Amino acid sequence: MAETTTNGHAQSVVGTRTVRPDGVDKVTGRARFGADFNLPGQLIGRVLRSPHPHARIVSIDTSKAEALPGVKAVITRADFADQPSEFIPAGEMMMNYKDVVRNVMAREKALYEGHAVAAVAATSAAVARRACKLIDVQYEVLPHVIDAVEAMQPGAPLLHDDLFTVGVEPRPDKPSNVAKKIEIKQGDIEAGFQKADLVIEREFKTAPVHQGYIEPHAALATVSEDGTAEVWCSTQGHFIVRAHCARLLGLDIGKVRVTASEIGGGFGGKTVVYLEPLALALSKKAKRPVKMVMSREEVFKASGPTSGATVRVKMGATKDGKFVAATAELKYQAGAFQGSPVQPGVMCAFAPYDIEHVYVVGYDVVSNRPKVAAYRAPGAPISEYAVESVVDEIAKKLDIDPIDLRMQNAAREGTKAAYGPKFGPIGLEETLNAVKKTEHWNAPLRKWQGRGVASGFWFNIGGETCVSLTVNEDGTVSLVAGTPDIGGLRASLAAVAADELGVPFDKVRPIIGDTGSLGFNFLTGGSRSAFSGSMAIVEAAKQIKADLCARACKMWEAKPEQVEFSDGAVRPLGALAEKAKPMTIADFARVAGKTGGPIGGVGRINAQGAGPSFGTHLVDLEVDPETGRATILRYTVAQDAGRALHPAYVEGQYQGGAVQGIGWALNEEYIYGADGKLQNAGFLDYRMPVASDVPMIDTVLVEVANPKHPYGVRGVGETPIVPPLGAIANAMENATGIRFTELPMSPPKVLKALKEKGLNKA
Amino acid sequence: MRYEAPGTVEGAVALLAGATGEARVLAGGTDLLVQMRADIVDPGLIVDIKKIPETRAITEEKGGWRIGAAVTGAELKEHPKLKKAWPGVVEAANLIGSTQVQGRATMGGNLCNGSPAADSVPALIAAGALATLAGPKGRRDLPVEDVMLGPRRLALEKGEIVVSFLLPPRPPRSSDAYLRFIPRTEMDIAVVGAGVNLTVDGSGIVTAARVSLGAVAPRVLLVPEAAQAIIGSRLDKPAQERLEAAARAACRPIDDKRGTTEFRIDVAAVLTRRAALIALDRARTS
Amino acid sequence: MAKHHIQAQVNGDEVEFLCETEETLLDVLRDTLNMTGSKEGCSSGDCGACSVMLDGRLVCSCLVLGCEVGGRRIETIEGMAQGEKLHPLQQRFLEHAALQCGICTPGVLVASKALLERNSNPTETEVRYWLAGNLCRCTGYDKIVTAVMDTAAAMRKG
């Protein structure tokens, strides 16, 4: 194992492809996910959901359900106290408790098909099902609206009569479906476009898509008579679950203990609560544990798929290819309550490029579909798809190589992004160069095959993180982190701990602790868990090292400057080395009690300095002109990881995000009928890529160290889903000569466009 | 919900004929269990026919092949002689769902589920297959194209089940092919399905043909006009164009979440031509 | 309606259970036999997370009724390792990082094992089409395919 140094830290495990410590349980079926927990005496909970996309809830009669033998509790809106308006972070988005309580259980209205209206807990799933059928809900069905642009029209059905657009001067006196207008501005747009030799303006439309995690939401809750509660759930943030549940149920945070199960995918969709407050409320009433698991149909209808959107982009360039001005207008669906990712969509739209004059405006629009939750780089894939498509058109019209054009305009260290910050060292150029050097870039193409390239960006976050390191009596190390491991985190954190303390990798045992074991941890999201967790471990290790040095000083009767911790041991320096021998972690462990007590450290930080991760994707595809079907032939991802703590899991993020992007670009979409009901609430007709749909995804790991992280780490999880939409749209244009401005580019759409140009012949 | 697994055809028929409420036949279960879970159907009685030997056998019969209604797609694929004689039928049955689904799904169930998008049905119709039914009044044979009358509507009377299919003897230089259009590479319900079965003579002229289209009408279609378009030809360009035109003319598809009307008609023509060319190629080398 | 009394073999052990007609084999495995290794992703046979072997045939356990398996032989993920020794597929999945969240992994492993038992030298295309019924949302399938083919090569060497 080669030793490398990054930012001054010697590493022998970090950067290698260790076998993840939690791996054996996962390949044997032993690992326990949300639905794999059971408690003796548990009841099964089930939700009754609105069949209407928009309706006033006139009355709810639960008496027949309550009388059914085997039913132990029934809850409705009456069981949840209303919450005053208060915005809180939800991943990289914001939410409002007033909306959360209404999303979890409808109050005045059902605002989407699938909205929870009541819930029961019964002795079996069959009884719970029958009980739900016995609940009589009287609805006053209202007209509905789904599309964001339609929802913005005057006269559109109004979801909330207390929603007044924020960000508009003067404040509107009439409510609407537009929750917010946001803008970012840089330079002088009019002047900018004056300088342009070429101006391209296009409008794009994307359909709503779902994160598509294979594990449905699941929670098991139990409430005791003294108000203490325990929850096991599949979540990206158990401390957030604790906070929301405490708030909604009126419990002390300290009395609620949440354990995060292994999580079967989240991608942002499990950063909010759905079942947990319901299970708690039911358990409180029934005085027994209550287990709730969503069906696949419920996941599609009642969790948090992302926005569909309409995006208009206008860019101006000189004939030499310099981008001089860029504007965009984004209209994003928020679903039933405000809070679409339009803000990050606005921020990220032009972020990969150094453009003097920029204006981006975004609208957060509510409509009658499930409340949107985060989906991997929320908002950015949509806006950057539009921008990367226009960039590609500029390249074609100016006859400039699409990589060279991006290179020419690339954001670099020192570039001021239109959304505010000045970039430190970043790796966009490196990823562009990396792609250009691949054999893929130069491979020949045949007729009906097209190659597309696109770049993308995500800013990444840090956030509150608490990790504890404990040295056990036998010198092994227990690592307790508080951010659920969604894809290899424990391997990365254990590697960092191993290198920091100089212990073998397999002597570090990482677990994700429950909320009672650690200080507050913000959720796993924002590509933050490896970045922040490793930072916190460095802190915790520092404490341990300082403590051990102090103990050594006592033992050796030495002064602090006579000892140092290096290479896994406290070492006597200079003359002291004649009378004292170095002591490893294991050596200290043996005498811990005698030298002061248990050895450990806790890293408690609000991680700052998250560095953005830029990526460039290259894709070849082939179109069957007689059917419009596209086949992905070849795919390369180059992305800046700063420093890859575990290369295989970084590659895994690149590959997984790319394939989600392939699905989003080609086949995934929420299909609504004219009645506002979802027509494809299952994996049969919500078409995610299967193994035979995609080729190998080649990856190039670029590492431009993040100077603000002790190892140079940048978050990597989200950027990979940003470039694929643009890259694939650009490849389609190259294969067919047609610019597709609507996603997904499904075969009926493609064939229709080919037919219109008389191109649908082999 | 009652579950019975009779060992004889007569036993199954008696159970179904005597059922008072909703009764369903269970073969592979790849449609029935999904519908039960989705609350689309709530049978009071399930009759599992897999213990009836006749429904599970593949035997040569009078130069043709008798295939039990409850033989799985995977078992069809593992039968080398059948695969050689009827590659189109076997490949159609093996396009249903995934490897896991093919381990259970049957042609009997695929037909009796009553979906015009069923994958194995166009291939069976193109093959000229007969369905052998057994009911309270005894046995009868129906051409497969006459079994499915419309979405979820079958020509079966109360108590009748499909016991087996009979594929006719194959003249020399005959073969078949089935193609379907789906947006992904696997796992989707057919947006269009095309089955072509043909025979060529020594000089390469098509002497017999049957063409069947799925997912383009309320039932799976037998398209005699499409067959006529290529009989007597070498499937040259003009014949292919006639074939495509006949396929287009036969379609009366719907607009739904899987495809538009226009798309289905266009693709039906393309797939029919492609399937015919594959069948031709196989027939020439058989 | 009285429950069915079923005797079957699971991972080489004789088991006995009671089940309602409408309970699937997946329900029985998870809720009655407490074997939660097989996962429920969709209950409609579209994701493969519940894959098991039934009399040597790869199937979705959500598409099999519990009352159908009397006298039959069932193999689940829990039986894949031999005592303390992981199956070569399990070992190589770990080495190749062919799993991220791990929810699809039991189904993928059972399906991959079924493939290699039938075809000891599959091409990449054959692996992909065989596994088309196993949805994975995390990995993009790349490392899964690599791990399966690498295992096939290693097992051929013996």
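# Cavities and interfaces in a predicted model

The largest cavity is lined by 43 residues, and A:Ile486, A:Ser527, A:Ser529, A:Gln653 and A:Gly717 are the ones nearest its centre. A cavity here is a set of points, on a 1 Å grid over the protein atoms alone, where a 1.4 Å probe fits but cannot get out; lining residues have an atom within 4 Å of a point. This is a predicted model: local features need pLDDT of at least 70, side-chain atom pairs count only at pLDDT 80 or more, and totals for chains, interfaces and linings use all residues. Residues are numbered from 1 along each chain as its sequence is written, chains are lettered from A in the order in which they are written, and side-chain values use heavy atoms, without hydrogens and water.

**Cavities**

- Rolling a probe the size of a water molecule over the atoms shows where empty space is left.
- The count is 7 cavities of 30 Å³ or more.
- The largest cavity holds about 600 Å³ of space. A volume is the space filled by probe spheres set on the grid points, which are joined across faces, edges and corners.
- Its lining draws at least two residues from each of α15 (489-501), α16 (529-556) and α18 of chain A. Helices (H or I, at least four residues) and strands (E, at least two) are DSSP runs, numbered from the N terminus.
- By class, that lining has 17 nonpolar, 19 polar and 7 charged residues. Ala, Val, Leu, Ile, Met, Phe, Trp, Tyr, Cys and Pro count as nonpolar; Asp, Glu, Lys and Arg count as charged; the others, Gly among them, count as polar.
- The second largest cavity holds about 190 Å³. Its lining has 19 residues, with A:Met95, A:Asn103, A:Val272, A:Lys371 and A:Val372 nearest the centre.
- β7 (93-96) and α3 (97-104) of chain A each give two or more residues to this second lining. Its classes are 12 nonpolar, 5 polar and 2 charged.

**Chain A against chain C**

- Chain A brings 51 residues to the contact and chain C brings 41. Contact means heavy atoms within 4.5 Å.
- About 3,800 Å² is buried between chain A and chain C, with 60% from carbon and sulfur atoms. Buried area is the accessible area (1.4 Å probe) that two parts lose on being put together, summed over both.
- A:Val27, A:Ile214 and A:Met696 supply 19% of the area that chain A buries against chain C, more than any other three residues.
- The interface of chain A and chain C has 4 salt bridges. A salt bridge is a side-chain nitrogen of Lys or Arg within 4 Å of a carboxyl oxygen of Asp or Glu.
- C:Lys39 and A:Asp36 form a salt bridge, with their closest N and O atoms 2.6 Å apart.
- On the side of chain A that touches chain C, α18(A) gives the largest share, 9 residues.

**Chain C against chain B**

- Here 32 residues of chain C touch 27 residues of chain B.
- The two chains bury about 2,300 Å², 59% of it on carbon and sulfur atoms.
- B:Lys50 pairs with C:Glu68 in a salt bridge, the closest N and O atoms being 2.4 Å apart.
- The largest share of the chain C side, 4 residues, comes from β4(C).

How values were computed. 1 Å grid on protein atoms, 1.4 Å probe; cavity = no way out; pocket = protein on both sides within 12 Å on 5 of 7 lines; lining within 4 Å.
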